[in-house]
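Hi everyone, thanks for coming. Please take a look at the sequence and the model on the screen, and then I'll walk you through it.

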Amino acid sequence: MPFGLGLALIYFVLIGIVAVAITVGDKAAAKKQKWRVPEATLMMIGLFGGALPMFVTMKMIRHKTKHMKFMIGLPLEIALHAAIICAILYLKFN
């Protein structure tokens, strides 16, 4: 596996773990009426690569599923990530 690909994989695994942990933590805080993670922070974590695991987690634990910002925004971020990956692969192999 090329060095850059390995680093990218490690990055996406780590950001995915962070995204899931923050989403689950925010749901727990919501139940206890404690301090919450700002929505902008959640969206930024998604934009940095955690959108897919965050979206799946939100659907599984039913957290923020009524917020169109997340139910539309996170899939758009996932599509953006897919487009970037496709562009990189296209440039690499053409």
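Let's begin with the buried residues of α2, which are Leu42, Met43, Ile45, Gly46, Gly49, Gly50, Ala51, Met54, Phe55, Thr57 and Met58. Buried here means under 20% relative accessible area, while exposed is over 50% and partly exposed lies in between, with a 1.4 Å probe and protein chains only. Before going further, please keep in mind that this is a predicted model, where local features need pLDDT of at least 70, side-chain atom pairs count only at pLDDT 80 or more, and totals for chains, interfaces and linings use all residues. Residues are numbered from 1 along each chain as its sequence is written, and side-chain values use heavy atoms, with hydrogens and water left out.

So what do those buried residues of α2 pack against? They pack against α1 (3–32) and α3 (68–93); a contact means heavy atoms within 4.5 Å. When I say helix, I mean a DSSP run of H or I with at least four residues; strands are runs of E with at least two, and both are numbered from the N terminus.

Now follow α2 from end to end. How far does helix α2 (residues 39–61) span between its end C-alpha atoms? The span is only 17 Å, whereas a straight helix of 23 residues would span 33 Å at 1.5 Å a residue. That expected span is 1.5 Å times one less than the number of residues.

Where does α2 bend? Look at Gly50: the helix bends there by about 120 degrees, and a proline, Pro53, follows within four residues. The bend is the angle between axes fitted to the seven residues ending at a residue and the seven starting there. Gly50 is also one of the buried residues of α2. Just after the helix, Arg62 takes a positive phi of about 55 degrees.

Next, α3. Its 26 residues reach 37 Å from first C-alpha to last, close to the 38 Å expected at 1.5 Å a residue. Phe70, Met71, Gly73, Leu74, Glu77 and His81 are the buried residues of α3, and what covers them includes α2.

Let's zoom out. The protein has three helices and zero strands, and buried residues make up 29% of its 94 residues.

Finally, a word on confidence. pLDDT is the predictor's confidence in each residue, from 0 to 100. The protein averages 94, and 99% of the residues score at least 70. Confidence is lowest in α3, at a mean of 93, and highest in α2, at 98.
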